[in-house]
Amino acid sequence: MTLDVESAYDVGFPVFANLWTPRAPLGTADWAQRYRRLSSKSSAEPGKWRNDRVPYLRGIMDALDESHPAPLVVFKKSSQVGGSECAVNWIGRVIHQAPGSILALFPSDKDARKWSKTRLGSALAETPELRALVPPGRRSDAGNTLQEKHYPGGVLFTGSANIPTDVASVSVPYVLLDEVDRMPLSLEGEGDPVELAKRRASTFPLRKIFEISSPTEEETSRIHADYEQSTQDRYYVPCPDCRHMQALVWANLKWTGTDYAGARYACEECGTLIEEHQKTEMLAAGEWRPTFPEREAICKGFHINALYSPIGLGDTWADHAAAWDRAQTSSASLQVFYNTRLGEVVKSQRIRLAWETVYGRRENYRLRTITRRDPRVERQTRKRDSR
């Protein structure tokens with residue numbers, strides 16, 4: 001078969017045009033599905049990343065893409081739900097597909113170094129596309145240390161919220177704030193380190209800030225306060241029996257006495273007791289639903305608890321039931337349960353005295369004099385001490 005010049009042009013041009021057309025960058029979820037590899041050093045299931053293994057993370061990863069309008073993404077969560085791996089997927093995608101500098105901030109220098117060595121280091125070593133851009137090197141090698149990872153188009157700065165220079169020394173379009181409720185409330189002479197870190201991205205119109213944490217006390221929790229100002233998304237899953245969509249809440253987990261293995265989840269609509277093995281199907285059919293969709297372009301917020309943990313990647317419903325009974329021994333144990341298993345704040349048990357009360361008890365006294373105690377108080381004190 002022979003082709004004239006015109007026919008050859010008609011056949012060949014589209015082929016060459018397709019080869020030279022720039023490829024649109026993958027979103028974070030699709031990038032992770034295609035490229036991310038998990039290491040046995042940091043994952044219970046090493047090997048290829050699968051979005052269907054933790055379905056609720058896809059919506060969070062989608063919000064981290066530049067196509068989503070919110071500059072701030074908030075993930076208020078319990079332990080063991082994949083928040084750290086979600087952050088690593090985002091950082092890997094930025095390095096590979098949309099390069100720009102990143103500031104990753106942690107509560108302490110020890111936390112920052114541990115994350116850089118384990119989670120980030122494993123991702124760089126196990127994922128060939130990242131290893132080619134950030135080659136491994138000795139600690140002394142310029143451009144590849146625990147604190148700085150250089151790659152074409154940017155630098156990943158890893159730092160501590162306790163060190164002022166780590167917080168305020170760079171300007172970046174991407175900021176990761178991991179475990180913000182464990183960060184100090186203020187740096188001496190500097191102010192709130194979390195707010196300072198957010199300011200590092202303020203000059204970039206397409207900035208993205210990812211804030212992750214388990215909450216602590218209601219009065220001081222940063223992640224809770226930011227989530228309250230967000231879209232307040234919750235993950236709704238269908239009942240296997242009646243298909244009613246609902247968010248999983250602690251009050252609906254049922255068991256009898258110490259029969260923790262018999263823990264089942266009661267559908268809020270039909271009352272069916274759901275077996276935990278059915279959770280896999282429920283998660284796959286789930287979806288994020290915002291409480292305040294009008295805040296979509298301001299702050300995208302997600303909340304999830306450990307009842308959603310995929311089977312094999314976290315504690316079971318039976319484990320949570322047993323932990324609940326154990327936690328009844330003290331308020332401190334209950335706080336750990338609410339914070340780390342339910343991803344919820346607790347009210348502080350500390351007594352707070354209103355300043356008005358103190359002010360109302362003030363008394364006048366003459367300057368340059370020593371106030372004397374009431375003799376009646378003196379006598380009562382001596383009696384008490386003599387007992």
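These legends walk through a few close-up views of a predicted model.

**View 1**

**View 1. Zooming in on β11 and β12.**
Strand β12 covers residues 259–266, and β11 pairs with it in the antiparallel sense over 3 bridges. To find your way along the pair, look for K254, which stands opposite R264 in β12.

**View 2. Strand β15, wrapped up on both sides.**
How many of the residues of strand β15 (residues 299–304) are buried? The count is 6 of the 6, so β15 is largely enclosed by the rest of the structure.

**View 3. The partners of β15.**
Strand β3 (residues 72–77) runs parallel to β15, and 6 bridges join the two. Within that pairing, K77 stands opposite I304 of β15. Strand β9 (residues 233–238) also pairs with β15 in the parallel sense, over 2 bridges. There, D233 is the residue opposite F302 of β15.

**View 4. Inside the largest nonpolar core.**
This core has 68 residues, and Y56, L176 and F210 touch the most other members. Helix α4 (residues 83–97) supplies the largest share of the core, with 7 residues. Setting aside residues up to four places away in sequence, Y56 touches V81, Y235, L283, W288, I304, Y308, S309 and P310. Another core, of 23 residues, lies apart from this one; V74, L103, F157 and V170 are among its members.

**View 5. Where α4 meets α5.**
Two packed helices are described by the angle between their axes and the distance between the axes. For α4 and helix α5 (residues 109–126), that angle is about 60° and the axes are 10 Å apart. The two helices are therefore oblique to each other. The crossing of α4 past α5 is right-handed. On the α4 side, S84, E85, V88 and I91 make the contact; on the α5 side, W115, R119, L120 and A123 do.

How values were computed. Residues numbered from 1 in each chain as written. Predicted model: local features only at pLDDT ≥ 70, side-chain atom pairs only at ≥ 80, totals over all residues. Heavy atoms only, no water. Pairing = 2+ DSSP bridges. Helix = DSSP H or I, 4+ residues; strand = E, 2+ residues; numbered from the N terminus. Core = buried A, V, L, I, M, F, W, Y, C linked by side-chain atoms within 4.5 Å. Buried < 20%, exposed > 50% of the residue type's maximum accessible area, 1.4 Å probe, protein only. Contact = heavy atoms within 4.5 Å. Axes fitted to C-alpha atoms, helices over the stretch in contact; angles between N-to-C directions. Parallel < 35°, antiparallel > 145°, perpendicular 65-115°, else oblique. Left-handed = near helix turned anticlockwise from the far one by under 90°.
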